[in-house]
Amino acid sequence: MNKSDLKGKLPLLAQGKVRELYKLPDNKLLFVATDRISAYDVILGNGIPDKGRVLTALSRFWFDYLKDVVPNHLADHGDVIACLPESIQSDSDLAAVLKDRALVVNRYKILPLEVIVRGYITGSAWNEYKKTGTVHGTQMPAGLQESQAFPTPIYTPSTKAEQGEHDENISPEKAAEIVGKDLAAKVEQIALALYKKAHDYAQTKGIIIADTKFEFGVDESGNVVLVDEVLTPDSSRFWPKDSYKIGQGQDSYDKQYVRDWLVANGLKGVDGVSIPEDVANKTREKYLEVYEKLVKA
Ligand SMILES: Nc1ncnc2c1ncn2[C@@H]1O[C@H](COP(=O)(O)OP(=O)(O)O)[C@@H](O)[C@H]1O
Ligand SMILES: [Mg+2]
(Lines give C-alpha, C1' and ligand atoms only; values in the text may rest on other atoms or scores of the structure.)
(Ligands and ions follow the chains in the order given, each with its own letter.)
Protein backbone atom coordinates (compact mmCIF):
# COMPACT_ATOMS: atom_id res chain seq x y z
CA MET A 1 0.00 0.00 0.00
CA ASN A 2 1.85 3.02 -1.27
CA LYS A 3 -0.79 5.59 -0.51
CA SER A 4 -3.76 5.40 1.82
CA ASP A 5 -7.20 6.20 0.46
CA LEU A 6 -9.76 7.00 3.10
CA LYS A 7 -12.29 7.97 0.44
CA GLY A 8 -12.81 11.36 2.05
CA LYS A 9 -13.95 9.82 5.34
CA LEU A 10 -11.39 11.78 7.36
CA PRO A 11 -9.56 15.02 6.56
CA LEU A 12 -5.92 14.50 5.52
CA LEU A 13 -3.70 16.75 7.64
CA ALA A 14 -0.25 15.89 6.43
CA GLN A 15 1.71 13.49 4.29
CA GLY A 16 5.28 12.61 5.25
CA LYS A 17 7.81 10.47 3.44
CA VAL A 18 6.20 7.31 4.81
CA ARG A 19 3.08 8.24 6.77
CA GLU A 20 -0.24 9.91 6.24
CA LEU A 21 -1.88 11.76 9.12
CA TYR A 22 -5.66 12.19 9.30
CA LYS A 23 -7.61 14.34 11.71
CA LEU A 24 -9.83 12.66 14.29
CA PRO A 25 -12.10 14.28 16.92
CA ASP A 26 -10.71 15.14 20.38
CA ASN A 27 -7.33 16.22 19.10
CA LYS A 28 -6.40 12.74 17.94
CA LEU A 29 -4.79 11.58 14.72
CA LEU A 30 -5.02 8.52 12.54
CA PHE A 31 -1.37 7.75 11.82
CA VAL A 32 -1.08 5.49 8.76
CA ALA A 33 2.22 3.86 7.75
CA THR A 34 2.37 3.15 4.03
CA ASP A 35 4.90 0.85 2.32
CA ARG A 36 6.82 3.79 0.86
CA ILE A 37 10.59 3.67 1.21
CA SER A 38 13.16 6.39 0.90
CA ALA A 39 16.81 5.81 0.10
CA TYR A 40 19.49 8.46 -0.28
CA ASP A 41 16.80 10.97 0.67
CA VAL A 42 14.39 10.31 -2.20
CA ILE A 43 11.17 8.33 -2.15
CA LEU A 44 11.16 5.38 -4.52
CA GLY A 45 8.39 4.84 -7.04
CA ASN A 46 7.33 1.50 -5.59
CA GLY A 47 7.05 0.38 -1.99
CA ILE A 48 8.21 -2.59 0.07
CA PRO A 49 5.25 -4.94 0.59
CA ASP A 50 4.20 -5.10 4.27
CA LYS A 51 6.75 -2.50 5.37
CA GLY A 52 4.09 -0.27 6.92
CA ARG A 53 2.79 -3.20 8.92
CA VAL A 54 6.24 -4.07 10.22
CA LEU A 55 6.96 -0.47 11.24
CA THR A 56 3.63 -0.22 13.01
CA ALA A 57 4.02 -3.51 14.89
CA LEU A 58 7.60 -2.71 15.92
CA SER A 59 6.62 0.74 17.16
CA ARG A 60 3.78 -0.75 19.18
CA PHE A 61 6.19 -3.25 20.72
CA TRP A 62 8.68 -0.56 21.72
CA PHE A 63 6.05 1.87 23.02
CA ASP A 64 4.95 -0.84 25.39
CA TYR A 65 8.46 -1.98 26.31
CA LEU A 66 9.55 1.60 27.04
CA LYS A 67 6.40 2.97 28.63
CA ASP A 68 7.95 3.13 32.09
CA VAL A 69 10.69 5.41 30.80
CA VAL A 70 8.38 7.97 29.17
CA PRO A 71 4.69 8.23 28.22
CA ASN A 72 3.89 7.94 24.50
CA HIS A 73 1.28 9.16 22.02
CA LEU A 74 -0.61 5.87 21.55
CA ALA A 75 -4.33 6.29 22.15
CA ASP A 76 -5.94 3.15 20.72
CA HIS A 77 -5.21 0.45 23.32
CA GLY A 78 -4.15 -1.89 20.53
CA ASP A 79 -7.43 -1.81 18.61
CA VAL A 80 -7.20 0.95 16.06
CA ILE A 81 -10.42 0.10 14.20
CA ALA A 82 -12.55 0.33 17.34
CA CYS A 83 -11.40 3.95 17.72
CA LEU A 84 -12.44 5.03 14.22
CA PRO A 85 -15.72 6.53 13.01
CA GLU A 86 -18.54 4.15 12.11
CA SER A 87 -18.17 5.03 8.40
CA ILE A 88 -14.72 3.37 8.45
CA GLN A 89 -15.60 0.48 10.76
CA SER A 90 -18.40 -0.56 8.45
CA ASP A 91 -16.18 -0.46 5.34
CA SER A 92 -14.57 -3.87 5.70
CA ASP A 93 -12.02 -3.36 2.90
CA LEU A 94 -10.81 -0.12 4.41
CA ALA A 95 -10.77 -1.57 7.93
CA ALA A 96 -8.68 -4.50 6.69
CA VAL A 97 -6.13 -2.14 5.14
CA LEU A 98 -5.84 0.02 8.25
CA LYS A 99 -5.95 -2.68 10.91
CA ASP A 100 -2.23 -3.48 11.15
CA ARG A 101 -0.68 -0.38 9.66
CA ALA A 102 -2.36 2.43 11.52
CA LEU A 103 -2.32 3.87 15.01
CA VAL A 104 -4.66 6.30 16.70
CA VAL A 105 -2.45 8.78 18.53
CA ASN A 106 -2.85 11.94 20.55
CA ARG A 107 -1.82 15.02 18.65
CA TYR A 108 0.94 17.03 20.29
CA LYS A 109 3.06 20.03 19.60
CA ILE A 110 6.19 18.42 18.14
CA LEU A 111 9.62 19.63 19.22
CA PRO A 112 11.53 20.76 16.13
CA LEU A 113 14.43 18.39 16.84
CA GLU A 114 15.48 14.98 15.61
CA VAL A 115 16.63 13.52 18.90
CA ILE A 116 19.38 11.18 17.80
CA VAL A 117 21.27 8.89 20.15
CA ARG A 118 24.40 7.17 18.94
CA GLY A 119 25.99 4.20 20.65
CA TYR A 120 28.52 3.50 17.87
CA ILE A 121 30.41 5.75 15.52
CA THR A 122 29.20 5.45 11.93
CA GLY A 123 27.52 7.41 9.15
CA SER A 124 27.69 11.20 9.30
CA ALA A 125 29.24 11.04 12.79
CA TRP A 126 32.14 8.93 11.50
CA ASN A 127 32.64 11.27 8.54
CA GLU A 128 32.80 14.30 10.83
CA TYR A 129 35.10 12.57 13.34
CA LYS A 130 37.59 11.56 10.65
CA LYS A 131 37.94 15.21 9.63
CA THR A 132 37.84 17.04 12.95
CA GLY A 133 37.83 14.57 15.85
CA THR A 134 34.40 15.89 16.81
CA VAL A 135 30.85 14.54 16.56
CA HIS A 136 28.09 17.15 16.18
CA GLY A 137 30.73 19.68 17.21
CA THR A 138 31.67 17.92 20.46
CA GLN A 139 35.23 16.66 20.94
CA MET A 140 35.46 12.86 21.10
CA PRO A 141 38.25 10.64 22.45
CA ALA A 142 41.13 10.15 19.99
CA GLY A 143 41.68 6.85 18.20
CA LEU A 144 38.10 5.68 17.71
CA GLN A 145 37.72 3.21 14.85
CA GLU A 146 34.79 3.01 12.47
CA SER A 147 31.75 1.29 14.05
CA GLN A 148 33.37 1.27 17.50
CA ALA A 149 31.13 1.86 20.52
CA PHE A 150 31.46 5.28 22.13
CA PRO A 151 32.60 5.08 25.78
CA THR A 152 28.96 5.87 26.59
CA PRO A 153 26.08 6.57 24.17
CA ILE A 154 25.85 10.19 23.10
CA TYR A 155 22.99 12.56 22.37
CA THR A 156 23.49 14.17 18.95
CA PRO A 157 20.46 16.22 17.92
CA SER A 158 19.72 17.51 14.45
CA THR A 159 17.24 19.99 13.09
CA LYS A 160 13.97 18.68 11.74
CA ALA A 161 14.03 20.03 8.22
CA GLU A 162 10.98 21.10 6.25
CA GLN A 163 9.90 18.74 3.50
CA GLY A 164 12.55 18.47 0.80
CA GLU A 165 15.27 20.02 2.96
CA HIS A 166 18.08 18.15 4.68
CA ASP A 167 18.33 17.76 8.44
CA GLU A 168 21.38 19.48 9.85
CA ASN A 169 23.51 18.01 12.64
CA ILE A 170 23.72 20.45 15.54
CA SER A 171 25.43 20.61 18.92
CA PRO A 172 23.49 20.00 22.16
CA GLU A 173 24.00 23.70 22.94
CA LYS A 174 22.28 24.69 19.71
CA ALA A 175 19.39 22.32 20.49
CA ALA A 176 19.02 24.01 23.87
CA GLU A 177 18.77 27.36 22.11
CA ILE A 178 16.01 25.99 19.87
CA VAL A 179 13.71 24.39 22.47
CA GLY A 180 14.95 25.95 25.72
CA LYS A 181 17.51 24.68 28.20
CA ASP A 182 15.22 22.78 30.59
CA LEU A 183 13.29 20.99 27.89
CA ALA A 184 16.47 20.11 26.00
CA ALA A 185 18.01 18.65 29.17
CA LYS A 186 14.87 16.59 29.84
CA VAL A 187 14.75 15.29 26.29
CA GLU A 188 18.43 14.35 26.36
CA GLN A 189 18.06 12.39 29.57
CA ILE A 190 14.94 10.57 28.35
CA ALA A 191 16.43 9.75 24.95
CA LEU A 192 19.59 8.28 26.49
CA ALA A 193 17.51 6.17 28.90
CA LEU A 194 15.32 4.92 26.03
CA TYR A 195 18.33 4.05 23.92
CA LYS A 196 20.10 2.17 26.70
CA LYS A 197 17.07 0.09 27.60
CA ALA A 198 16.32 -0.78 23.97
CA HIS A 199 19.98 -1.42 23.12
CA ASP A 200 20.42 -3.88 25.98
CA TYR A 201 17.26 -5.71 25.03
CA ALA A 202 18.16 -5.92 21.33
CA GLN A 203 21.63 -7.29 22.18
CA THR A 204 19.95 -10.31 23.72
CA LYS A 205 18.18 -10.85 20.39
CA GLY A 206 21.33 -10.66 18.29
CA ILE A 207 20.82 -7.10 17.07
CA ILE A 208 23.01 -4.07 17.72
CA ILE A 209 21.12 -0.78 17.70
CA ALA A 210 23.95 1.43 16.48
CA ASP A 211 21.94 4.62 16.61
CA THR A 212 18.38 5.84 16.49
CA LYS A 213 16.23 8.92 16.17
CA PHE A 214 13.39 9.82 18.50
CA GLU A 215 10.80 12.55 18.21
CA PHE A 216 9.09 14.13 21.18
CA GLY A 217 6.00 16.22 21.72
CA VAL A 218 4.82 18.21 24.73
CA ASP A 219 1.33 18.07 26.22
CA GLU A 220 -0.65 21.04 27.61
CA SER A 221 1.05 20.69 30.99
CA GLY A 222 4.51 20.71 29.43
CA ASN A 223 5.16 16.98 29.89
CA VAL A 224 7.42 15.30 27.36
CA VAL A 225 5.75 12.56 25.30
CA LEU A 226 7.38 10.08 22.92
CA VAL A 227 5.74 10.36 19.47
CA ASP A 228 6.17 9.24 15.86
CA GLU A 229 7.67 5.80 15.19
CA VAL A 230 10.11 4.19 17.60
CA LEU A 231 13.21 2.08 17.01
CA THR A 232 12.27 0.82 13.57
CA PRO A 233 14.74 0.11 10.77
CA ASP A 234 13.64 3.43 9.22
CA SER A 235 14.58 5.46 12.29
CA SER A 236 17.57 3.41 13.41
CA ARG A 237 20.65 1.54 12.29
CA PHE A 238 20.32 -2.11 13.19
CA TRP A 239 23.36 -4.33 12.74
CA PRO A 240 23.46 -8.12 13.01
CA LYS A 241 25.53 -8.85 16.12
CA ASP A 242 27.01 -11.99 14.55
CA SER A 243 28.91 -10.17 11.84
CA TYR A 244 29.81 -7.00 13.79
CA LYS A 245 33.43 -6.01 13.34
CA ILE A 246 35.21 -2.85 14.46
CA GLY A 247 37.24 -0.91 11.90
CA GLN A 248 34.86 -1.20 8.95
CA GLY A 249 31.33 -0.36 7.86
CA GLN A 250 28.65 -2.89 8.90
CA ASP A 251 25.93 -4.65 6.98
CA SER A 252 22.67 -3.00 7.84
CA TYR A 253 19.49 -4.92 8.22
CA ASP A 254 17.18 -3.06 5.98
CA LYS A 255 17.95 -0.93 2.96
CA GLN A 256 21.24 -2.43 1.85
CA TYR A 257 19.78 -4.25 -1.16
CA VAL A 258 17.99 -1.12 -2.28
CA ARG A 259 21.04 1.09 -1.85
CA ASP A 260 23.32 -1.39 -3.61
CA TRP A 261 20.92 -1.70 -6.53
CA LEU A 262 20.55 2.08 -6.89
CA VAL A 263 24.32 2.60 -6.80
CA ALA A 264 25.01 -0.26 -9.24
CA ASN A 265 22.51 1.23 -11.67
CA GLY A 266 23.71 4.81 -11.32
CA LEU A 267 20.38 5.86 -9.81
CA LYS A 268 21.52 7.03 -6.38
CA GLY A 269 19.46 10.05 -5.31
CA VAL A 270 17.38 10.13 -8.50
CA ASP A 271 13.71 10.92 -7.86
CA GLY A 272 10.88 8.46 -8.46
CA VAL A 273 12.98 5.42 -9.42
CA SER A 274 11.22 2.07 -9.12
CA ILE A 275 13.22 -0.93 -7.94
CA PRO A 276 12.80 -4.45 -9.39
CA GLU A 277 10.41 -6.80 -7.66
CA ASP A 278 13.13 -9.15 -6.42
CA VAL A 279 14.98 -6.27 -4.74
CA ALA A 280 11.73 -5.14 -3.10
CA ASN A 281 10.99 -8.68 -1.95
CA LYS A 282 14.46 -9.23 -0.52
CA THR A 283 14.13 -5.96 1.35
CA ARG A 284 10.73 -7.06 2.65
CA GLU A 285 12.38 -10.20 4.06
CA LYS A 286 14.87 -8.03 5.91
CA TYR A 287 12.19 -5.90 7.53
CA LEU A 288 10.34 -9.05 8.58
CA GLU A 289 13.53 -10.60 9.92
CA VAL A 290 14.20 -7.63 12.19
CA TYR A 291 10.66 -7.80 13.50
CA GLU A 292 10.85 -11.50 14.12
CA LYS A 293 14.21 -11.30 15.86
CA LEU A 294 13.20 -8.44 18.12
CA VAL A 295 9.64 -9.31 18.93
CA LYS A 296 8.94 -12.95 18.20
CA ALA A 297 12.09 -14.85 19.14
N1 LIG B 1 1.59 12.56 18.07
C2 LIG B 1 1.89 13.33 17.03
N3 LIG B 1 1.27 14.52 16.85
C4 LIG B 1 1.55 15.32 15.79
N5 LIG B 1 2.43 15.01 14.81
C6 LIG B 1 3.10 13.83 14.93
C7 LIG B 1 2.85 12.94 16.04
N8 LIG B 1 3.66 11.86 15.89
C9 LIG B 1 4.38 12.07 14.76
N10 LIG B 1 4.05 13.24 14.17
C11 LIG B 1 4.58 13.77 12.89
O12 LIG B 1 4.05 12.95 11.85
C13 LIG B 1 4.96 12.85 10.75
C14 LIG B 1 5.20 11.35 10.44
O15 LIG B 1 5.25 11.10 9.08
P16 LIG B 1 6.56 10.58 8.35
O17 LIG B 1 6.14 10.04 7.04
O18 LIG B 1 7.36 9.71 9.25
O19 LIG B 1 7.28 12.00 8.16
P20 LIG B 1 8.79 12.37 7.80
O21 LIG B 1 8.87 12.42 6.33
O22 LIG B 1 8.91 13.73 8.45
O23 LIG B 1 9.66 11.33 8.46
C24 LIG B 1 6.23 13.55 11.21
O25 LIG B 1 6.25 14.85 10.68
C26 LIG B 1 6.07 13.63 12.74
O27 LIG B 1 6.76 14.72 13.29
MG1 LIG C 1 9.39 9.85 9.84
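## Contacts of ligand 1

An oxygen atom of ligand 1 sits 2.8 Å from a polar backbone atom of valine 18. Glutamate 215 uses its side chain: a polar atom there is 2.6 Å from an oxygen atom of the ligand. Aspartate 228 contributes a polar backbone atom, 3.2 Å from a nitrogen atom of ligand 1. On its own, ligand 1 has 560 Å² of accessible area, and the protein covers 82% of it. These values come from a predicted model.

## The shell around the ligand

Ligand 1 is surrounded by 17 residues. Lys17, Val18, Arg19, Asn106 and Glu215 are the closest. By class, the shell has eight nonpolar, three polar and six charged residues.

Three strands each supply at least two shell residues: strand 2 (19-24), strand 3 (28-33) and strand 6 (102-106). Domain 1 (12-107) and domain 2 (110-243) both give residues to the shell, so ligand 1 lies between them.

## The second largest pocket

The second largest pocket has a volume of about 150 Å³. Its lining consists of Pro240, Asp251, Ser252, Tyr253, Asp254, Gln256, Tyr257, Asp260, Lys286 and Glu289. Five of the lining residues are charged, three are nonpolar and two are polar.

Helix 7 (256-264) and helix 8 (277-296) each supply at least two residues of this lining. Helix 7 gives the largest share, three residues.

Methods: Residues numbered from 1 in each chain as written. Chains lettered and ligands numbered in written order. Predicted model: local features only at pLDDT ≥ 70, side-chain atom pairs only at ≥ 80, totals over all residues. Heavy atoms only, no water. 1 Å grid on protein atoms, 1.4 Å probe; cavity = no way out; pocket = protein on both sides within 12 Å on 5 of 7 lines; lining within 4 Å. Points joined across faces, edges and corners; volume = space filled by probe spheres on them. Helix = DSSP H or I, 4+ residues; strand = E, 2+ residues; numbered from the N terminus. Nonpolar A, V, L, I, M, F, W, Y, C, P; charged D, E, K, R; others polar. Near = heavy atom within 4 Å. Polar contact = N/O pair within 3.5 Å; in protein donor to acceptor, adjacent residues only side chain to side chain. Areas by Shrake-Rupley, 256 points an atom, 1.4 Å probe, with all protein chains shown as cover. Domains from an automatic or database assignment.
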